[in-house]
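Take a slow walk through this structure with the model open beside you.

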Amino acid sequence: MATATLTGRQRGGWAAANLVVIVLALIPVVWLLSLSFKTPGAVTDPSFWPAHWTGGNYGGILTSAQFLRPLLNSIGIGLISTFISVVLASMAAYAIARLSFPGKSVLIGLALLIAMFPLIALVTPLFTIERTLGLFNTWFGLIIPYVAFGLPLGIYTLSAFFREIPWELEKAAKMDGATPFQAFTLVIAPLAAPGMVTTAILVFLACWNDFLLAISFTSTISSRTAPAAMEYFSGGSVFTTPTGPIAAAAVVITIPIIIFVLFFQRRIVAGLTSGAVKG
Amino acid sequence: MAPITLDHITKRYPDGSLAVNDFNLQIQDGEFVILVGPSGCGKSTTLNMIAGLEDITSGELLIGGAVVNNKTPKDRDIAMVFQSYALYPHMSVRENMGFALKLAKVPKDVINQKVEEAARILDLTQHLDRKPANLSGGQRQRVAMGRAIVRDPAAFLMDEPLSNLDAKLRVQMRTQVSRIQRRLGTTTVYVTHDQVEALTLGDRVAVMRSGLLQQVGTPGELYHQPYNLFVAGFIGSPAMNFLPGSLEGGALRTSLGDFPLTDEVRREVEGANAGRDVIVGIRPEDFEDAALVPAENRARGITFKTAIDVLESIGSDVFVYFSRGRDTGVSSAELDELAADSGSTDTGADAETVTARLDAATRIREGADAELWADGAAIHVFDPATGRNLSLAAKAGGPVPPAPQQEGPIT
């Protein structure tokens, strides 16, 4: 019974289904928000909304080096990892999309393999390696594995974007006297910008949200990232759990992600390639 | 501006397939040369080799007297117009046209001046600051031309630059391309699969088939003195009619009637050892309504009666279609390829249908019997085995009637 217009009942059914999905997705976030505004004593209070609103949790974490330094680490490590991943991935993806070279399918297979590998199985060997190399508890101790796990993702996303760009544009650039590097940076890369931004967002999100590597390869706030640092928050006394500050910190580290996605969403759908060829 | 020489150019792909086989062509300074042929004949590969976008397997390519086989496109000083135009979508028209000069580190004011001059020639001045996405197909095509013109290169290479335009615009742009080339006097190599474009634009036309150069000549030479079946069938619209024929004594017997043979043709046919079976080619315009043929011309050809299947009047001319000699089909690899290219194998058109172009004054009606005349002096005789034109010597030496070259209807 595929009809173009929905009956009142169908409409109602869809609305209910949509509502269920939205509620399921948003309840934990709202709950987190609510917790972050509760006083330490009211955390166990069964009411959903705080009886007494307080900004104390935010004030506490935003003045504490225990959170601010890890936040800085998160931003720094995330940005550096993203930058390296996107630069390397775009070069690799370009080669995969354009050239046929021996070992190409092996390379693609390896990239996929790395992406599939369960991270938890790698933590122990990587920990030993990092200890030996002196990378443990440093920014690069996290950046290197983040880049390694960000690359397969980047290569796959970007090579799909590069394949979409007409090869004739590159030939035209060559005829116009561009070196291969100029053709890439002046013609191909600007057109693949939406793809690069998409890749950057995905890689950054992966770094930003990582907990497993961050908790394993760091030991002090000099390199600990925000998600890991939240584990080490302390309550007002030995007997209070720091639920409020953790909720506040979770809200704080969620905000950049929301801004990030909202800001770049428009660029992703801009569809820069329109008008390149006939149409 | 420079002459281009292709000396025994061959292109073999790593998988062993031969795309271009021993291609020789001398292109004079300022000449407009067309490479034409059905798809897959190697014309675009040849152009890409001249451009430097594909390696040359063997042979030498000279531009302006210097061997450029191993030079990058950048160092060959040539500009190319692509079929898809390949405009940079993120740059304005002005930036697109000035891109090559910017890369060459030409001062900004010089670039601006050159871009504006080219824009004036191409009537693009008011569009200079727009992006390609906001231009029509014809405007994009002109920007692509402009990008080539701005550089003032030694040669223009054009790869089917008009094939993405609709029929009407294509005819207009064709004239414009021709005008621009004359004005600039730049050596131009132009690839197309459209023989009408080839005949109207080129100083000389090179016909290719399966990687082999078939014939190079002026449009008139190709039309009136085709070297072989393929060229004869490819050039001309509507295409030349081919009929089986056999030599019977001093005459050429076909399903239309017996054509008298001139001594030159007979000697040539006998000398070729081709046997008695030949393929006879007659262009549509070499037929006429018998009633309209002046008495003094009648003896030159033959008259025959036939039922007219279809009649199409386009005002200036009348095209009639009739079928003959279904039982003795012509078979030749070249004809098969032509049929595949023209799409007649797809449409299921009868290969034995003969097309004739008659004077508009004809009273012949569709479905009725009519008496037609075929000009015996204009027929071509081909060897079915090799495809060679056996009547060529006679044609070149004898009085070739200067038939006016007209375009067929655009179908």
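Helix H1 of chain A is hardly covered: two of its 29 residues are buried. A residue is buried if 20 or more other C-beta atoms lie within 10 Å of its own, exposed if 12 or fewer, and partly exposed in between, with C-beta atoms placed from the backbone. Helices (H or I, at least four residues) and strands (E, at least two) are DSSP runs, numbered from the N terminus.

A word on the source comes next. This is a predicted model, in which local features need pLDDT of at least 70, side-chain atom pairs count only at pLDDT 80 or more, and totals for chains, interfaces and linings use all residues. Residues are numbered from 1 along each chain as its sequence is written, while chains are lettered from A and ligands numbered from 1 in the order in which they are written.

Back to H1(A), which covers residues 8–36. How far apart should its ends be? At 1.5 Å a residue, its 29 residues should span 42 Å, and the end C-alpha atoms are 41 Å apart, which agrees. The expected span is 1.5 Å times one less than the number of residues. H1(A) also bends, by about 35 degrees, at A:Leu26. A proline, A:Pro28, follows within four residues. The bend at a residue is the angle between axes fitted to the seven residues ending there and the seven starting there.

Helix H5 of chain A, residues 119–133, can be checked in the same way. Its 15 residues should span 21 Å, and its end C-alpha atoms are 20 Å apart, which agrees. H5(A) has a kink of about 30 degrees, centred on A:Pro125. Just after H5(A), A:Gly134 takes a positive phi of about 75 degrees.

Now step back to the domains of chain A. The assignment gives domain 1 (3–36) and domain 2 (64–274); such bounds come from an automatic or database domain assignment. The contact between them takes four residues from domain 1 and six residues from domain 2. Two residues are in contact if their C-beta atoms, placed from the backbone, lie within 7 Å. On the domain 1 side, three of these residues are nonpolar, one is polar and none is charged. Ala, Val, Leu, Ile, Met, Phe, Trp, Tyr, Cys and Pro count as nonpolar, Asp, Glu, Lys and Arg as charged, and the others, Gly among them, as polar. The centres of the two domains, taken over C-alpha atoms, are separated by 32 Å.

Which residues join chain A to chain B? The contact takes 23 residues from chain B and 21 residues from chain A. E6 and H2 of chain B each supply at least two residues of the chain B side. H2(B) gives the most, with three residues. By class, the chain B side has 17 nonpolar, four polar and two charged residues.

Chain B itself has 13 helices and 21 strands. Of its 411 residues, 44% are buried. Among its contacts with a separation of 6 or more, 73% join residues 24 or more positions apart.

Look at the strands E1 (residues 4–12) and E2 (residues 18–27) of chain B. They pair in the antiparallel sense over six bridges. Two strands pair if DSSP finds at least two bridges between them.

Some backbone details stand out against a general rule. Most residues other than glycine have a negative phi, and most peptide bonds are trans. B:Asp77 is not a glycine, yet has a positive phi of about 55 degrees. B:Asp77 is found in the loop between strands E5 (66–67) and E6 (78–81) of chain B. Is B:Lys105 buried or exposed? B:Lys105 is exposed, because 7 other C-beta atoms lie within 10 Å. B:Lys105 has a positive phi of about 60 degrees although not a glycine. The peptide bond from B:Ser237 to B:Pro238 is cis, with omega near 0 degrees. B:Pro238 sits in the loop between helix H8 (229–234) and strand E11 (241–248) of chain B.
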